[in-house]
Amino acid sequence: MSRNDAAPGTVTAPPGRTRRMLSHLYVQCLIAVLLGAAVGGLWPSVGADLKPLGDGFIGLVKMFIAPIIFCTVVHGIASMGNARAVGRVSLKALVYFEVLTTVAMVIGLIVVNVVKPGSGLHIDLSTLSTKGLPPEATTAHEGFAEFLLAIIPATLVSALTGNEILPVLLVSVLFGFGLHAGGEAGLGIARGIEKFSTVLFTLIRWVMRLAPVGAFGSMAFTIGKYGLGTLRHLGLLVGSFWLTALFFVLVVLGTVMRLNGLRLLPFLRYIKEELLIVLGTSSTEPVLPRMMAKLQHVGASKPVVGITLPAGYSFNLDGTAIYLTMGSVFLAQALGIDLSLTQQLTMLAVMLLTSKGAAGVTGSGFIALAATLSAVPHVPVAALALIFGIDRFMSEARALTSLVGNGVATLAVARWEGELDEDRAKAVLRGELPYAPAPAPSAVPAETGPKETPAPTRDPVPAAR
């Protein structure tokens, strides 16, 4: 019987529907995540050996991050009508970051004291050891002065070859101001940098086709290496952390979006591909270039996106903030250490520093927690051995929360600065202006009707009002 001669009463999908669905990156990543979890669960040793797939994908994307940030920030500043607007945007972003990070930590502190996931474990400290922990968790951690000095790169070029975002931002801002002051000569270089960034985004688009491979390898490694059995005894901590992160996203970030005239759920649908990539890789770094492009498409100006989003990767890790307060108090509860409110608030103040500069990569939250315990002697560092095995299962929630938080932060700062096209943002989030990173030259001509307006670059930032 031919495809057209289907039995009466049966429903057949159009021949191209499945193919079109599978062509979407988010569908490919979702399938890859599920397959990776299945491989890791059924064949743990095979899953653990697939880690290079995820590491390779993350490495491919990371090599473009510094140049893309440099090009975006430099061109944005160089084309500004008012250079002082850069300082204004940066100040507003930092104020927002500190407020939201503090809110995230306070929520985590409240939840862990109410739920008490560590109570009743009665762990003997003498049975714990730092052996087996990553070296970064047991080494001495830098103070605030060292953190600030580390932002300054050894040379102008070395910032673009390192692994830290803040030195790239520093060099980019200085170089952008230099081009801005250079007149006609600087304008010519700025145009060249803009064209170069177009090439970089094209390369990133090609690399992102490998996202399902990276998500498959990372998820297979996580399940194969640690296994779902590790959640049996510490499931209350993992579950309460995921629910707290979900509460923060839906309630706190949802409120921020509402205050800015937008809605959170359409925004989450808009970045669903990036969310699935982060879920699979447990890292926000692979989606930084795509998030920058999508936030510009939604109507935020290029300078605001170029400054706020990369800075948020170091200063606005909301998921890590929740993890730090819940993790530290959980360890104290498990060891039977009664922390007073003053001691907990002291730890929170230290966390506001130790959480800064932690890149959005897998395991950075665990290292930041180790830095906190090293700075505040209330809980011994050896207690980290209790949660090392389940940390990976909380890493996804940390990364997802931080990604959404930084996207919302960029839109909020852009609107605060008057650099958000609200009408365009609402149209994009309603799906009327879909994001299309690579329209094919031979695409079928659009139907007759209103012509879609391109995303505004909106480079010039107006003077302070």
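1. Residues 165-189 are 96% helix and 0% strand, and their end C-alpha atoms lie 23 Å apart. Helices here are DSSP runs of H or I, at least four residues, and strands are runs of E, at least two, numbered from the N terminus. The model is predicted: local features need pLDDT of at least 70, side-chain atom pairs count only at pLDDT 80 or more, and totals for chains, interfaces and linings use all residues. Residues are numbered from 1 along each chain as its sequence is written, and side-chain values use heavy atoms, with hydrogens and water left out.

2. Residues 321-341 are 71% helix and 0% strand. Their end C-alpha atoms are 18 Å apart.

3. Helix α4 covers residues 51-78, 28 residues in total. From first C-alpha to last, α4 reaches 41 Å, close to the 40 Å expected at 1.5 Å a residue. That expected span is 1.5 Å times one less than the number of residues. α4 bends by about 30° at Ile 65, and Pro 67 follows within four residues. The bend is the angle between axes fitted to the seven residues ending at a residue and the seven starting there.

4. Lys 116 sits in the loop between α5 (84-115) and α6 (135-138). Phi of Lys 116 is near 55°, a positive value in a residue other than glycine. Most residues other than glycine have a negative phi. Lys 116 is partly exposed, at 41% relative accessibility. Buried means under 20% relative accessible area, exposed over 50%, partly exposed in between (1.4 Å probe, protein chains only).

5. Leu 250 is found in helix α11. Leu 250 is also partly exposed, with a relative accessible area of 43%.
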